Amino acid sequence: MADLHLLAVEIMVAVFGLGLLVLGLLVPRSDRRGIGYVTAAGLAGIMVITFAMRELSGVFMGGYIIDPFSNYFKLAFLVAALLTVFCSFDYIEKMGFNQGEYYALLVFATLGMMLLASSGELISLYLGLELMTITFCILAGFHLRDPKSGEAGVKYILLGAMSSAILLYGLSLVYGATGTVVIAEIGQVAAASGSTPALTLGMIFLLAGFAFKIAAVPFHMWSPDVYEGAPTPVTAYLSVASKAAAFAALIRVFFGALAELHSIWVQLFIALAVLTIILGNLVAIPQSNIKRLMAYSSISQAGYLLLGIVSYSVLGIGAVMYYCLIYVFGNMCVFMAVTAFYNNAGSDEIRDYTGLSRRSPLLAAAILFAMLSLAGIPPMAGFVAKLYLFMSVISQGYIWLALIAVLMSMVSVYYYLMVAKSMYLGAVPEGSKPLQISPGLKVAILASLLILFVLGIYPDDLTNFAMNSAVTFFMP
Amino acid sequence: MLSTNALAFWVLAAITIAAALAVVLSKNIVHSALFLILAFVGTAGIYILLHAEFLAAVQVMVYAGAVAVLIVFAVMLTRRGDIRASNLYNSSYLGAGIVALGLFIATSLMLGRMNWTAGGGSMAANNVEAIADAILGRFVIPFEVAAILLLVAIVGAIIVARGVKEDR
């Protein structure tokens with residue numbers, strides 16, 4: 001008999017999204033701002049419940065896995081969604097978006113990510129991925145008056161469709177080679193029969209499809225344009241949560257179903273990781289638009305995350321999980337500040353950030369410390385996260401890989417600090433006013449910063465939780 | 001009996017592939033849409049060869065019937081200008097052709113080396129029941145998610161199609 005209580009979180013999210021859609025139609029136009037507050041309250045409530053149920057584990061209908069691993073990622077998605085909502089209040093009101101639909105789509109994207117993290121079976125994995133991708137296509141093109149946003153939407157839908165087709169072909173080959181869609185059973189069949197040509201080919205297609213979704217080089221070309229054109233809160237959510245979700249699914253598929261082929265895919269992931277880390281960081285240097293800079297920065301972050309996959313170990317999975325959460329806080333913190341700046345100044349160009357430290361010390365500090373965390377400078381949490389990732393590859397003997405990653409982290413410090421230099425040393429532009437930031441956004445920025453500091457100094461609880469979840473997930 | 005089946009398969013496969021190529025290559029987008037219907041029907045024929053009659057009916061009704069006709073209507077209602085040059089090419093078809101050919105050869109070589117076996121177990125006589133059991137049983141989560149996905153797509157289509165005028 002089906003244990004519906006295992007699906008409690010997903011059902012709550014789905015019902016909440018549907019409710020928001022209805023609410024958006026019922027509430028009069030003048031009160032629509034309230035929908036944002038309702039969304040924030042609802043997501044916070046679901047987050048508390050998910051946290052309370054974090055030890056829940058079980059398998060629904062043989063193919064949908066609830067375990068500490070998926071619960072951890074669900075919490076990360078909910079945190080990211082909540083911060084995105086905080087980020088959206090002023091922005092979407094200013095842009096005149098349809099608020100009910102906007103927030104409902106955000107919630108449905110979250111549902112898609114949860115499915116990705118939890119599905120132990122290829123069909124629901126694919127549908128979760130599509131739910132997430134199609135929702136983001138709509139959200140990226142939400143700014144109907146801005147041609148760039150339209151371009152972002154069209155680019156994402158075309159390249160998203162192509163990458164989904166590649167992934168789907170891979171899934172069909174894997175199904176054809178093993179005769180089952182359940183990830184655990186694929187693993188057993190593959191272990192019994194060894195690697196077959198069709199399985200290997202399917203694995204390569206799957207790898208390409210996932211590499212699109214996590215924007216790893218050379219499958220990254222969509223991301224800077226989409227990140228630049230999409231509404232800033234959507235960019236923030238897209239850059240953190242969709243990446244984390246794709247990593248969760250990638251770990252399930254490659255560690256669960258394709259473990260037999262790991263000697264092949266580890267080599268491919270090494271190539272992807274090296275290219276991604278080097279290119280992402282180097283191309284970020286000349287960027288003059290902060291959203292494009294963050295796009296390349298998040299490409300390089302995907303490269304660091306790939307190191308955890310390359311290590312093919314418990315430590316690697318735990319490090320990926322920990323890094324994903326820190327990445328959520330760090331990137332969201334930067335994007336919240338970027339949104340707040342855009343709401344006031346109407347610009348995303350880095351040269352307009354000059355003298356920001358005197359116009360708004362909070363925003364400047366938020367960007368600075370969050371970027372330091374992304375770069376991996378102690379005492380920020382990003383340092384511990386990167387340390388675990390690098391340790392995981394060193395423990396497998398890939399010292400040169402860790403060395404490249406460390407060197408490229410130094411490069412990333414350079415372009416992050418170029419922004420800081422502009423903010424702290426640049427002159428305040430003539431006739432500029434102090435920035436107005438809504439209290440909700442201020443609290444969210446301060447809370448993320450605080451978490452980045454606290455987790456940097458006391459990482460033990462979270463890393464222990466991540467490592468324990470990784471152990472239950474995977475025993476090599 | 002086997003040879004009739006095999007012959008039917010090759011004919012259907014040839015029709016499907018030729019139609020699919022014509023979709024991409026014809027310069028008039030209405031012709032592309034009509035070739036798309038042919039490709040869908042060819043696929044439906046392959047489903048019938050596999051004894052998946054229900055799926056074949058769905059394929060004909062939903063894809064050939066509804067989707068392709070919708071495409072033709074959409075082209076008719078939105079298209080301005082010369083219909084004879086409505087399906088655009090980009091300039092890098094040579095490179096794309098080489099890459100696609102290389103990928104095709106590599107894929108065929110690898111899949112040709114595979115010893116394919118048909119799935120175990122016999123086909124249920126009434127596979128509509130089996131499909132119903134599967135989508136409301138084991139695969140109930142993908143089924144429900146597909147419903148939400150369609151809702152999201154509809155909402156998105158309305159948002160994008162309605163445009164900006166009404167917000168003002």
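This is a predicted model: local features need pLDDT of at least 70, side-chain atom pairs count only at pLDDT 80 or more; totals for chains, interfaces and linings use all residues.

Tutor: Start with the contacts inside chain A.

Now the makeup of the chain. Chain A has 19 helices and two strands. Its radius of gyration is 21 Å. The globule rule gives 23 Å for 476 residues, and the two values are close, so chain A is as compact as a globular protein of that length. Along the principal axes, the C-alpha atoms of chain A fill a box of roughly 70 × 55 × 40 Å. Of the 476 residues in chain A, 61% are buried.

Next, zoom in on one pair of helices. Helix α16 of chain A covers residues 381-395, and helix α18 of chain A covers residues 439-457. Their axes come within 6 Å and cross at roughly 50°. An angle under 35 degrees would count as roughly parallel, and 65 to 115 as roughly perpendicular. The crossing at roughly 50° therefore makes α16(A) oblique to α18(A).

Which residues make this contact? From α16(A) come Ala381(A), Phe383(A) and Val384(A). From α18(A) come Leu452(A), Leu455(A) and Gly456(A). By class, the contact of α16(A) with α18(A) has five nonpolar residues, one polar and no charged ones. Gly counts as polar, and Gly456(A) is on the α18(A) side.

From the N terminus on, its elements run α-α-α-α-α-α. Buried residues make up 14% of the 168 residues in chain B. Again take contacts between residues at least 6 apart in sequence: in chain B, 57% join residues at least 24 apart.

Last, see where the chains touch. Here 24 residues of chain B are in contact with 30 residues of chain A. On the chain B side, the elements that give two or more residues are α4 (93-112) and α6 (140-162). The largest share comes from α6(B), with 13 residues. The chain B side divides into 17 nonpolar, four polar and three charged residues.

Within chain A, Phe383(A) and Leu452(A) are among the residues that join α16(A) and α18(A). Between the chains, α6(B) gives the largest share of the chain B side.

Definitions and conventions. Residues are numbered from 1 along each chain as its sequence is written. Chains are lettered from A and ligands numbered from 1 in the order in which they are written. Two residues are in contact if their C-beta atoms, placed from the backbone, lie within 7 Å. Helices (H or I, at least four residues) and strands (E, at least two) are DSSP runs, numbered from the N terminus. A residue is buried if 20 or more other C-beta atoms lie within 10 Å of its own, exposed if 12 or fewer, and partly exposed in between; C-beta atoms are placed from the backbone. Axes are lines fitted to C-alpha atoms, for helices over the stretch in contact, and angles run from 0 to 180 degrees between N-to-C directions. Angles under 35 degrees count as roughly parallel, over 145 as roughly antiparallel, 65 to 115 as roughly perpendicular and the rest as oblique. The radius of gyration is taken over C-alpha atoms; the globule rule is 2.2 Å times the number of residues to the power 0.38.
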